Amino acid sequence: MARRVVIVGAGFHGCSAALRLSLQGYEVTVIDKAYAGRHASGVNAGGVRRLGRHPAEIPLAVAAWERWQCMTDIVGDDCGFRPVGQVKVAENDKDMAILADRERQVRDLGFHHEVLIGRDELHRRLPALADHCPGALACDGDGFANPYRTVTAWRREAERQGVRFREGIEITAIESKGNGWRLSGGGEHFDADLLVNCAGAWAGELCKWLGEPVPLTAEAPMLMITERLSPFLGTVVGATSRPLSFKQFENGTVLIGGGVRGDVDSVRHVAETRLDGLAENADTVVSLFPFMKEARIMRTWAGVEAVMKDHIPVIGLSSQHDNVIHAFGFSAHGYQLGPITGEIVADLAMEREPKLPITPFSIQRFQTPCPE
Amino acid sequence: MITHDLVILGTGPAGMAAATTALEHGITPVVIDEQPAAGGQIYRALERTPVLDRRILGEDYWSGESLIKGLKDPQIDYRPASTVWQLTRQREIGLLHDDKAEMICARHIILATGAMERPMPIAGWTLPGVMTAGSGQILLKSAGAVPQAPVVLAGCGPLLLLLATQYLRAGVEIAAILDTTPRDRYRAALKHVPGALRNVSTLLKGVGLLRELRRAGVRHIRGVSALRAEGSGQLERVLWKQQGDDNWQTLETPTLLLHQGVIPNTQITRAVDCHHEWDEQQLAWRPRLDEWLGTDIPGIAVAGDGGGIVGAKAAAMQGQLAGLGAALALGKLTLENSTERAQPIRKALARDTAIRPFLDVLYRPAKQWRLPDDDTLACRCEEVTGGEIRRMADMGCRGPNQTKSFTRCGMGPCQGRMCGITVSELLADANQQSVEETGYYRLRPPFKPITLGQLAKAAEEG
Ligand SMILES: Cc1cc2nc3c(=O)[nH]c(=O)nc-3n(C[C@H](O)[C@H](O)[C@H](O)COP(=O)(O)OP(=O)(O)OC[C@H]3O[C@@H](n4cnc5c(N)ncnc54)[C@H](O)[C@@H]3O)c2cc1C
C-alpha cells in the first residue's frame, strides 16, 4: 500500500484530503507555493449553499452539509458556520417560472431541500426587500461560514494528526520515480507513492505535466464588503437571472458577490477587481434593497478560482496513472464541498468504492470526444 | 473612458511642481486632490487660512504661494475635492466628485500623495483629547483654531518642534514638550553632521526653533522613556518617566499631541502592488523607484514623501524630476534632453536631502514607541490590541494578511492605514523575522469608501 502522500495545494480541499489521509495512517506532506488558504479557500464568500447546485453535485453538497453541522467534532472549531438559510429571489414572473421548474427538478431527483415560497413568505423573511419580487426558492439550513478560519482549523487539525505543511514552495516539476513520483520545487525534492492534485487554479499545470490536459481556466470572482449596518438581513440572498449573492455578518458588514468576474494576472498569480462588474453588482443590490444606496463600501477584492468548462469539479483517479488523485476545478462553489473531499480522496487512496457518486466528476469526461 | 496623457495625484509641493514642469513641456495634466484647496499638508489652506500674521506659520509656509499660483494655470485641469477611490495597474482611475463616480484613464501617472504621521500607540492614545501633532497643525492652518490649552506635545521630530513654535507664536500655552529622543542618539547622529552641513539652512532652522522655544521658557523634558495618557472618558493627565529614573511624573492637561515623524503614505502604491522595500533607516515601507521615480509598473511614478521621506523642498524637486520623466515617457523630450535638464535638479536634490541621514538617526523612534504593549490598541477601527497580534503570531500567523482574517485588524474604515506598519513590526518582532519577510497588508480598493449608490451610478454611465 502507498504510504507517502504528497498533496499539492493547501486550500480547503488539500487540507481536507490531508486530514482524512493522515487519519488512515498515511504519511502526508502538503506543499503550497504561498500559504494555506492564500487563494480561493481563504478569500471566498463563505457561502455554504446546497441551493441551486448542479444535479451531479447535489448528493455531495447534501453530504457536505451534514459535515458542516458537526464541524466542531471534526476539527475543534465551528469555523463560523451560521445556518441562517438562503433564498434565491425572483424579480419577475419569468424568474418565478424558472424557480418553479427548478424545484420540480430537484424533487424528481429525490431531494427536498429547495422549496418555492410566495410573495408574502418572502417579504416576511426579508422586510427590506424591494416590492417587485414575487417569490423565491428557499433552502433552510444553508448559510455561511468564515473561510480563512475554516482552512486554518482544518490545517491545524491535520497538523495535530501529523501532517507536514511546507509553505512558500512552488512545485515546478513532476517526474515518475520507481513506483511513485518525485516533485521538485524551490531547490527541494519530495518523493511520494501517491500524489494528490489540489492545486486549485493551477491544477491544470500539474495535469499537463502528468499527460492529461484539462480545459481549466483561472477566473477571478469579485466580492465587496460594506461598512457595518444595523441588522436587516437574516438570510443569505441570491438572484435568479443576474449574478448576486449577499449576506450580512454578525458584525453588521454586508458581503456582496455572486459571480461577477475580475481579471486574473497570470504573471503574478493574483486576481484584480474590475470596476464595471462591481458597478453592475452594486446596481443589482440597490434595485433589490433600495435603502442600501447610502451604504459605504469598505473593500473590494477578487480571488483566483479554477473553473471547468462544464462548471463541475474534477474529483477522482487520474486517467493515466494509478497513483494520482485529482480534486480541483470547483468552479466557484467548492468551499461548501470542502469537508467531503478528504473522505472521497481517502476512499480512493485505499482503493475503496467512494460512498458518494463521483462518476460525473471523472477527468475522463474531457478525454472522450463528445459527439457534436 | 477618456484617456489623458498625464494624471497627477496630490497637490502638495511634489504634485504642483510636477504639474508645472509637465506643462512647460507641452503636456496638459489633470491634477487631482481630495482637499478643496491646493497645498498638500505643508501648504494646507494657504489661500484661505485665517492665520494672517505671517510670522506665526513661518516663512516656509508662505513660500508655497508661487507653487500654488503655478497650478492655477488655466491649461492645467485641476480638480479639487475629488477623491481617487480606485487605481489599476492599467492606469484606470476611479474618481469621485460631488457624489458622482467617474472613470478616467492615463498614459502616465504621478502619485504625489505624500506622507502620513507614524502612529504612536501608547497607553491611552485613543482617549478624546489625545491627537496627533499633524492634526493639531491642520486645525491651526485651516481654521485658525487650536485645541484646548495648555497642551502637552510628546514625541520627536522636526514637525513636533515646528508646531511647538507655531503654537508659541500664536499664543497657545504649552505645558511641556516631552521629548522621546533617546539620549545616546545625539552622539550617534553626530557622525552625520558633516553630511548635513551640505544643507546648512535646514540645520540652522532646526537650531533656531529650539532656541526660540528655550528663550520663551517652554518646559522641554528630554530623555522621556515611558509615556501614558490617562483620564476617564477624556484625557486628564499625562504620565512619563525619564531615562534613568524609575518614578512616574505627572502633568494635568486637556490636550496631548503625539508625533514621532512621518512615513510614506503607501496606500495607493500598495493597492496597485508595486514593489516595496523596507527602509531600515527610516523604519518605513517605500516603493522601489528608478531614476525618473518610476515604480516597477510601467507608467506609474511616485514623487515626494510617498516614495520616502524627503521634506517639502526636496519633494518639489522630485516633482520636477517626475515631470521630466513624464515628458520623456510621453515622447515630449528625448532621453538626452531630459537627462540634461534633470542634472541640476538631481544635484540640488542631493544637497537638500543630505540632511536626512542626520535626522533619520537622531529622530529614529525607539522600539517602545512603535510596538504597543499587550493592553494597548494597535488597530483603532476594530479595537485590536498588541497582545492579540502577538497571540496570532503564537498561533502561527507569519504575516499581516493572516492576522487580518482572524482579528479583523486592518479591515475597518481606515483599511489598515493606521495600524499597517505597527502590525508588520509587531509580527516581525514576535516571530523573530525581518519586517521585509513579514510583509504588509494586501490593500484593496476603494481607497476611500464609496457608497453602493455612487458605484451603481458608474454602471449606468459606464
Ligand atoms: C471570490 C470567491 C468567492 C467564492 N465564494 C464561494 C462561496 O460562497 N461558496 C462556495 O462554496 N465556494 C465559493 N468559492 C469557491 C471556493 O472558494 C473554491 O471552490 C475552493 O476554495 C477551492 O479550493 P481549492 O483547495 O481547490 O483551491 P485553493 O484554495 O485555490 O488552493 C489551491 C492551492 O494550491 C496552491 N498551488 C497551486 N499550484 C501549486 C504548485 N505548483 N506548487 C505549490 N502550491 C501550489 C496555491 O497556492 C493554493 O493555495 C468562491 C471563490 C472565490 C474566488
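Across all chains, a search of the whole structure turns up 53 salt bridges, where a salt bridge is a side-chain nitrogen of Lys or Arg within 4 Å of a carboxyl oxygen of Asp or Glu. This is a predicted model, in which local features need pLDDT of at least 70 and side-chain atom pairs count only at pLDDT 80 or more, while totals for chains, interfaces and linings use all residues. Residues are numbered from 1 along each chain as its sequence is written, chains are lettered from A and ligands numbered from 1 in the order in which they are written, and side-chain values use heavy atoms, with hydrogens and water left out.

**Where chain A and chain B touch**

- Chain A brings 34 residues to the contact and chain B brings 31; contact here means heavy atoms within 4.5 Å.
- About 2900 Å² is buried between the two chains, with carbon and sulfur atoms giving 57% of that area. Buried area is the accessible area (1.4 Å probe) that two parts lose on being put together, summed over both.
- One salt bridge is counted between chain B and chain A. In it, the side chains of R228(A) and E382(B) meet at 2.3 Å, N to O.
- On the side of chain B that touches chain A, the elements giving two or more residues are β4 (83-87), α16 (400-407), β22 (450-451) and α19 (452-461) of chain B. Helices (H or I, at least four residues) and strands (E, at least two) are DSSP runs, numbered from the N terminus.
- α19(B) gives the most to that side, with seven residues.
- By class, the side of chain B that touches chain A has 15 nonpolar, nine polar and seven charged residues. Ala, Val, Leu, Ile, Met, Phe, Trp, Tyr, Cys and Pro count as nonpolar, Asp, Glu, Lys and Arg as charged, and the others, Gly among them, as polar.

- An open sheet of nine strands with mixed pairing runs in the order β5(A)-β6(A)-β4(A)-β15(A)-β16(A)-β17(A)-β14(A)-β20(A)-β22(B). β5 (115-118) of chain A and β22 of chain B stand at the edges, each with a single partner strand, so one side of each is left without a neighbour in the sheet.
- Strand β20 (residues 296-302) of chain A pairs with β22(B) in the antiparallel sense over two bridges; two strands pair if DSSP finds at least two bridges between them. Here R296(A) stands opposite T451(B).
- Within chain A, strand β4 (residues 86-90) and strand β15 (residues 236-239) pair in the parallel sense over four bridges, and V89(A) has A239(A) as its bridge partner.

**Hairpins in chain B**

- β4(B) pairs with strand β5 (residues 92-97) of chain B in the antiparallel sense over four bridges, with L87(B) opposite I93(B).
- Four residues lie between β4(B) and β5(B) in their hairpin, and R91(B) in the turn has a positive phi of about 65°.
- β5(B) also runs antiparallel to strand β6 (residues 100-111) of chain B, joined by six bridges; G94(B) is partnered there by M103(B).
- The hairpin of β5(B) and β6(B) has two residues between the strands, and D98(B) takes a positive phi near 50°.

**Around the ligand**

- The ligand has 33 residues around it, of which D32(A), S41(A), G47(A), E305(A) and Q336(A) come nearest. A residue is near a molecule or strand if one of its heavy atoms lies within 4 Å of it.
- A ligand oxygen atom is 2.6 Å from an N or O atom in the side chain of D32(A).
- For the side chain of N44(A), the distance from an N or O atom to an oxygen atom of the ligand is 2.9 Å.
- Y335(A) takes part through a polar backbone atom, 3.0 Å from an oxygen atom of the ligand.

**Backbone details to check**

- Most residues other than glycine have a negative phi, and most peptide bonds are trans.
- S331(A), not a glycine, has a positive phi of about 50°, and its place is in the loop between β23 (324-328) and α10 (338-349) of chain A.
- The peptide bond from A149(B) to P150(B) is cis, with omega near 0°; P150(B) is in the loop between α5 (133-143) and β9 (151-156) of chain B.
- P445(B) and P446(B) are joined by a cis peptide bond with omega of about 0°, and P446(B) lies in the loop between α18 (435-438) and β22 of chain B.

How values were computed:
A polar contact is a pair of N or O atoms within 3.5 Å; within protein, one must be able to donate a hydrogen and the other to accept it, and residues adjacent in sequence count only if both atoms are side-chain atoms.
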